[in-house]
Amino acid sequence: MDHAKLLNKVDHTLLAQGATWEEIRQICDDAIRFKTASVCIPPSYVKQAKGYVGDRMKICTVIGFPNGYNTTAVKEFETRDAIENGADEIDIGWVKDGRYDLVEEEIRCLKAACGDKILKVIIETCLLTDTEKIRMCEVVTAAKADFIKTSTGFSKAGATFDDIALFASHVGENVQIKAAGGISSFADADEFVKLGADRLGTSRLVKIMKNTDNGAGY
């Protein structure tokens with residue numbers, strides 16, 4: 001797949017704790033220039049960023065991030081607040097837990113709060129066994145979330161080819177797949193897509209384009 005098509009699948013991401021508005025503004029500009037799927041930013045910048053980009057770029061933000069320790073009520077409030085501020089897509093993180101019934105109930109609650117906005121569920125694959133990953137594929141499918149996502153990028157490891165292949169074999173038709181964390185080259189991005197990823201969470205592909213002649217035509 002060529003670079004432009006891969007960039008169309010990227011959530012251009014900046015979630016560092018020290019992120020400033022100037023840095024957020026810059027990645028918004030870059031996302032628009034390179035036609036990424038969205039820009040993924042902290043909730044505190046959603047309203048300002050939406051006012052800046054308008055309809056030129058989708059705004060994605062994170063809820064209960066990165067550990068998922070907040071209660072369902074807090075996550076629901078964060079979700080509704082983010083959407084009111086202009087967020088188009090919501091990524092939520094999870095605590096490793098065996099109470100899949102409660103996990104499914106929470107996803108359903110947050111999907112209801114999202115309405116017609118996109119909900120992506122982060123399961124932090126580096127902390128889970130394959131059996132747990134498969135079970136979460138089933139839970140996310142049953143709860144009717146839009147995406148299952150590999151990683152926050154804040155834990156021990158990010159996306160792996162094996163995890164994307166596993167997801168592709170176990171999610172339902174209603175669930176898309178997002179590979180996130182550690183995607184550092186177009187070759188890796190292409191392989192993730194071939195294995196079943198519909199979206200890529202990374203900032204590195206845009207940086208590569210900006211640092212080569214390939215970005216000149218954008």
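**Close-up 1. Lys 35 sits in the loop between α2 (21–34) and β2 (38–41).** In this predicted model, the backbone of Lys 35 has a phi near 55°. That value is positive, and Lys 35 is a residue other than glycine. Is Lys 35 buried or exposed? Lys 35 counts as exposed because its relative accessibility is 53%, and exposed means over 50%.

**Close-up 2. Lys 144 lies in the loop between α6 (130–142) and β6 (147–149).** Look at the backbone here: phi of Lys 144 is near 65°, a positive value in a residue other than glycine. With a relative accessibility of 55%, Lys 144 counts as exposed.

**Close-up 3. Phe 65 and Pro 66 are joined by a cis peptide bond.** The omega angle of this bond is about -5°. To find Pro 66, follow the chain into the loop between β3 (59–63) and α4 (72–84).

**Close-up 4. The largest pocket has a volume of about 550 Å³.** Its lining is made of 30 residues, and those closest to the pocket centre are Thr 13, Leu 14, Leu 15, Thr 202 and Ser 203. Which elements give two or more residues to this lining? They are β1 (10–13), α2, β7 (176–180), β8 (199–202) and α9 (204–210).

**Close-up 5. The largest share of the lining of the largest pocket comes from α9.** This helix gives four residues to the lining. Sorted by class, the lining of the largest pocket has 13 polar, ten nonpolar and seven charged residues.

How values were computed:
Residues numbered from 1 in each chain as written. Predicted model: local features only at pLDDT ≥ 70, side-chain atom pairs only at ≥ 80, totals over all residues. Heavy atoms only, no water. Buried < 20%, exposed > 50% of the residue type's maximum accessible area, 1.4 Å probe, protein only. 1 Å grid on protein atoms, 1.4 Å probe; cavity = no way out; pocket = protein on both sides within 12 Å on 5 of 7 lines; lining within 4 Å. Points joined across faces, edges and corners; volume = space filled by probe spheres on them. Nonpolar A, V, L, I, M, F, W, Y, C, P; charged D, E, K, R; others polar.
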